[in-house]
Amino acid sequence: MLVPYNTANRKIAMGLLSFMRKEKDVKRLLKTMEQYEKDPDWKLYLWKEDDFIGVIGVSIEGSEAKVRHICVNPSFREEGIGTKMLAALKKLLPCEVKPTKYTKTFVSACEEKEAETRKS
Ligand SMILES: CC(C)(COP(=O)(O)OP(=O)(O)OC[C@H]1O[C@@H](n2cnc3c(N)ncnc32)[C@H](O)[C@@H]1OP(=O)(O)O)[C@@H](O)C(=O)NCCC(=O)NCCS
């Protein structure tokens with residue numbers, strides 16, 4: 001289930017976001033967290049099963065939601081969580097969901113699979 005981030009989950013959100021290569025630097029990661037906390041157009045969601053195991057973050061830019069971050073705890077990868085987070089985000093937001101250069105490979109791979117499923 002996708003749940004909106006709140007500051008009580010700051011540590012877990014930071015831990016999950018740090019799986020993105022561009023967020024390895026702590027200063028950069030803190031700046032990113034601050035943007036999600038202060039900028040109303042930046043929205044962060046956690047994926048909750050028994051625990052919080054994934055994170056997805058977007059910036060709203062006009063009619064588009066740009067996927068800035070998408071990460072899953074390594075212990076739960078290859079189980080479809082990333083795909084489910086993206087699908088849940090698309091249902092939740094009244095915007096067209098687009099990747100950034102940092103999320104493009106995964107988001108595009110999901111879209112290709114979706115298109116193949118629709119065809120068959
Ligand atoms: C990318 C990520 C969120 C995928 O999460 P996941 O829960 O394992 O994803 P799913 O189980 O839904 O999908 C797995 C599929 O995505 C593919 N995949 C994983 N990472 C990928 C990437 N960076 N680009 C393209 N495809 C990717 C897997 O190879 C697998 O393909 P298959 O189904 O053909 O075997 C996860 O690997 C992660 O947290 N990576 C580190 C953070 C990161 O780099 N995020 C940006 C990715 S562009």
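Glutamate 78 is exposed, with a relative accessible area of 84%. This value, like the others below, comes from a predicted model. Glutamate 78 sits in the loop that links β4 (64-72) to α3 (81-92).

Isoleucine 81 belongs to helix α3. Its relative accessible area is 3%. Isoleucine 81 is therefore classed as buried, since that value falls under the 20% cut-off. By contrast, glutamate 78 counts as exposed because its 84% is over the 50% limit. Beyond four places in sequence, isoleucine 81 touches Trp47, Glu49, Ile53, Val72 and Phe76. Cysteine 71 lies ten residues from isoleucine 81 in sequence. The C-alpha atoms of this pair are 9.4 Å apart in space.

The loop between β5 and α4 holds two further residues of interest. Tyrosine 102 is found there. Threonine 103 occupies the loop as well, with β5 spanning 96-99 and α4 spanning 104-119. Threonine 103 is buried, at a relative accessible area of 2%. Tyrosine 102 is partly exposed, at 42%. The latter label applies because 42% lies between the 20% and 50% cut-offs.

Tyrosine 102 touches Met20 and Lys22.

At the level of the whole chain, the protein has four helices and five strands. Their order along the sequence is β-α-α-β-β-β-α-β-α. The radius of gyration is 14 Å, close to the 14 Å given by the globule rule for 120 residues, so the protein is as compact as a globular protein of that length. The C-alpha trace spans about 45 × 35 × 25 Å along its principal axes.

Of the contacts between residues at least 6 apart in sequence, 57% join residues at least 24 apart. Buried residues account for 40% of the 120 residues. The accessible surface amounts to about 7500 Å². Carbon and sulfur atoms contribute 52% of that surface. Charged side chains comprise 23 positive and 18 negative ones. The centres of the two sets lie 3 Å apart.

An unreviewed UniProt entry annotates residues 3-120 as "domain: N-acetyltransferase". In the model, residues 3-120 are 42% helix and 27% strand. The end C-alpha atoms of this span lie 32 Å apart.

Conventions: Residues numbered from 1 in each chain as written. Predicted model: local features only at pLDDT ≥ 70, side-chain atom pairs only at ≥ 80, totals over all residues. Heavy atoms only, no water. Helix = DSSP H or I, 4+ residues; strand = E, 2+ residues; numbered from the N terminus. Rg over C-alpha atoms; globule rule 2.2 N^0.38 Å. Buried < 20%, exposed > 50% of the residue type's maximum accessible area, 1.4 Å probe, protein only. Contact = heavy atoms within 4.5 Å. Areas by Shrake-Rupley, 256 points an atom, 1.4 Å probe, with all protein chains shown as cover. Lys, Arg positive; Asp, Glu negative; His and termini not counted. Charge placed at Lys NZ, Arg CZ, Asp CG, Glu CD. UniProt positions renumbered as here; feature names shortened; annotations may be inferred.
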